[in-house]
Amino acid sequence: MTLAAPTPITPAGLIPPKRRQLLGLEIASLLEATTLVVLVCIAVPLKHVLGVATAVKVMGPVHGLAFIFYIWEVIQTVSAGDWKGSDIVRMVGVAFVPFAGFLNLPWLRRQHKRLGAP
């Protein structure tokens, strides 16, 4: 009696690597954009208008971590896929402009289709 090798079981909810990487980049973009907007539009005015420096002391490091996470996700995504130089410049550039990360989300979702990620 010969036993056949077990068939690998793939969970139905398993996300393909390309899609997982792009989803990670979307989450990082949303997080980075949100913390930048809070820092620039809320914390900095609170500091300079009302003298509440605590807001910047809290949001500065939070945004710094979000920025590092976003750049890490960009590096991971670019190294795993087929990206043009202009796409890379765009992904890095949006991290420096308030609200640009939010405007970048539809573009990232279009990249799912361009790269063949389901």
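1. Let me start with phenylalanine 99. In this predicted model, phenylalanine 99 has a relative accessible area of 45%, so this residue falls in the partly exposed class, which runs between the buried limit of 20% and the exposed limit of 50%.

2. The ring of phenylalanine 99 has a partner, phenylalanine 102. Their centres are 6.3 Å apart and their planes make an angle of 45°, a tilted arrangement. Phenylalanine 102 is also worth a look: its relative accessible area is 31%, so phenylalanine 102 is partly exposed.

3. How many aromatic pairs does a search of the whole structure find? The search finds three. Among them is the pair of phenylalanine 67 and phenylalanine 96, which is edge-to-face, with 5.4 Å from centre to centre and 65° between the planes. This pair links distant parts of the chain, 29 residues apart: phenylalanine 67 sits in helix H2 (residues 54-80), while phenylalanine 96 belongs to the loop between helix H3 (85-93) and helix H4 (100-114).

4. Phenylalanine 96 counts as exposed because its relative accessibility is 57%, over the 50% limit. Phenylalanine 67, at 23% relative accessibility, counts as partly exposed.

5. Finally, a look at arginine 20, which is part of helix H1 (residues 17-50). Its relative accessibility of 46% makes arginine 20 partly exposed. Between arginine 20 and threonine 77 there are 9.6 Å from C-alpha to C-alpha, with a sequence separation of 57 residues.

Conventions:
Residues are numbered from 1 along each chain as its sequence is written. This is a predicted model: local features need pLDDT of at least 70, side-chain atom pairs count only at pLDDT 80 or more; totals for chains, interfaces and linings use all residues. Side-chain values use heavy atoms; hydrogens and water are left out. Helices (H or I, at least four residues) and strands (E, at least two) are DSSP runs, numbered from the N terminus. Buried means under 20% relative accessible area, exposed over 50%, partly exposed in between (1.4 Å probe, protein chains only). Rings of Phe, Tyr and Trp (its six-membered ring) pair if their centres lie within 6.5 Å; planes under 30 degrees apart count as stacked, over 60 as edge-to-face and the rest as tilted.
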